[in-house]
Amino acid sequence: MPFFTLGLSPALAAAMAQQFTTPTPVQSAALGPALGGKDVVVCAQTGSGKTAAYALAVLQRWQPPAPHVPRRAQSLVLVPTRELAVQVGAVINTLARAAGIAAKVSVVFGGVSINPQLMALRGGTDIVVATTGRLLDLVDRNAMPLQQVRCLVLDEADRLLDLGFAEELARIDALLPAHQSLLFSATYSAPVRRLAEARMQSPVEVSIDSDSQPAPAIRQRAILVDEPRRTQLVRHLLLQEEWPRVLVFVATKYAAEMVADKLRRAGLSAEPFHAQLSQGKRSQVLADFKASVVQVVVATDVAARGVDIAGLPVVVNYDLPRAAHDYVHRIGRTARAGESGMALSLVSADSAAHFALIEKRNGLSLPREVVPGFEPQEAAPRVSLDQAAGGIKGRRPSKKDKLRAAGPLPPVAG
Ligand code: AMP
């Protein structure tokens, strides 16, 4: 049994073998050094089984508290979003139960009342999965002693090391004793990689490239369409291709509300998903989506990271992602764990140049498709005055073209 060759305790190896046939490449490569107590930086594609990899490391390190001594967090897993916190907590809990490990796992995140979390932490905890802000709130209320933490996991580490979290992360670092660090992410920019290495002790680098890891079967498509017709096109494709569920990415909360509303009015069950919704609403939307009660979720990039929706066949980039690496995160929501999936990007005249850049950065070159009935009419931006005045054969200048011809170009929406 391959799980029994990784240095795992027999109980944990058996718990994995109950669920899966073989370890994923990331589990095979990362577990050795992680279980040996080394700092590890893991760069692997989304859906590669990295959560189980660090869950196993954390559970193997767990030691039962001595009798009559309060439990103190031994391992801390930091994640960038609330949804991911819930998901990771569930993975660790399931594995612990399957292996008969009596560790207390606590999941803490913001956006909900702190009181139930305070209550749940009475009597201490062993393993904490947290978003950074709420963790610090709990520390400030003396509900979360961190002096016993021996292992720190940063999931979606590139995002956690980003500027937005830097201050909170530095505060948490200052509260921790010497510890092992495990960093997992699908992407690393060079500065983030340097930062990661600066905070670790001669880390072991595990990079699972696409040669050793079968690329998830994501069929990537680029469809040319005029911007104002995108909602109609999504509706058309949904009905024509009979997609059971679709995750549609947009650039702003406003767009999420608006597109979901338009789809609803067109008779589809669609819900928006963005950071401004209450935590209860966000959980409900995800649960309804998973249960196929909701067919379309229109989301901002808050859903691009980590969220694991089993059997999600299609992801649509209605608005293109701003950053090229977000493209990888977004399309990684489909084709999880050996399933196949499709990622479809809607490319308009305005966003064509931006999409070409995303392709270049990700080493892609996708054929441009046109759906019959949705042939683009808008000319590419930066047309000359002549062209905008009607110079392109077969293409009438759009209102936007005329405006462009009359004045400076507006910034291209992401
Ligand atoms: P992750 O990369 O952690 O988001 O995991 C993606 C998916 O892989 C999850 O649905 C896991 O249940 C699944 N998974 C984890 N380990 C294995 C394994 N050894 N074999 C097959 N699937 C796995």
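Trainee: Is histidine 274 buried or exposed?

Mentor: This is a predicted model, in which local features need pLDDT of at least 70, side-chain atom pairs count only at pLDDT 80 or more, and totals for chains, interfaces and linings use all residues. Residues are numbered from 1 along each chain as its sequence is written, and side-chain values use heavy atoms, with hydrogens and water left out. Buried means under 20% relative accessible area, exposed over 50%, and partly exposed in between (1.4 Å probe, protein chains only). Because its relative accessible area is 3%, histidine 274 is buried.

Trainee: With which side chain does the side chain of histidine 274 make a polar contact?

Mentor: Histidine 274 sits in the loop between strand S10 (270-273) and helix H12 (279-290); helices (H or I, at least four residues) and strands (E, at least two) are DSSP runs, numbered from the N terminus. Beyond residues up to four places away in sequence, histidine 274 touches Lys253, Ala256, Glu257, Arg282, Thr300 and Val302, where contact means heavy atoms within 4.5 Å. A polar contact is a pair of N or O atoms within 3.5 Å; within protein, one must be able to donate a hydrogen and the other to accept it, and residues adjacent in sequence count only if both atoms are side-chain atoms. At 2.8 Å, the partner side chain is that of glutamate 257.

Trainee: What is the distance of the polar contact between the side chains of aspartate 319 and arginine 230?

Mentor: Aspartate 319 belongs to the loop between strand S12 (314-317) and helix H13 (324-331). Its relative accessibility is 12%, so aspartate 319 counts as buried. The polar contact of its side chain with that of arginine 230 has a distance of 2.8 Å.

Trainee: How far apart in space are glycine 111 and alanine 275?

Mentor: Glycine 111 lies in the loop between strand S3 (105-108) and helix H5 (115-120), and it is exposed because its relative accessible area is 53%. Leaving aside neighbours within four places in sequence, glycine 111 is in contact with Arg82, Arg134 and Gln279. Glycine 111 and alanine 275 are 164 residues apart in sequence, yet their C-alpha to C-alpha distance is 9.5 Å.

Trainee: How many nonpolar residues does the contact of H3 with H4 have?

Mentor: Helix H3 (residues 50-61) packs against H4 at about 55°, with the axes 10 Å apart, and so H3 is oblique to H4. From H3, Thr51, Ala52, Tyr54, Ala55, Leu56 and Leu59 meet Val88, Val91, Ile92, Leu95 and Ala96 in H4. Ala, Val, Leu, Ile, Met, Phe, Trp, Tyr, Cys and Pro count as nonpolar, Asp, Glu, Lys and Arg as charged, and the others, Gly among them, as polar. By class, this contact has no charged residues and 1 polar, and its nonpolar residues number 10.

Trainee: What percentage of the residues in the protein chain is buried?

Mentor: The secondary structure of the chain comes to 16 helices and 14 strands. Of the 414 residues in the protein chain, the buried ones make up 49%.

Conventions
Axes are lines fitted to C-alpha atoms, for helices over the stretch in contact, and angles run from 0 to 180 degrees between N-to-C directions. Angles under 35 degrees count as roughly parallel, over 145 as roughly antiparallel, 65 to 115 as roughly perpendicular and the rest as oblique.
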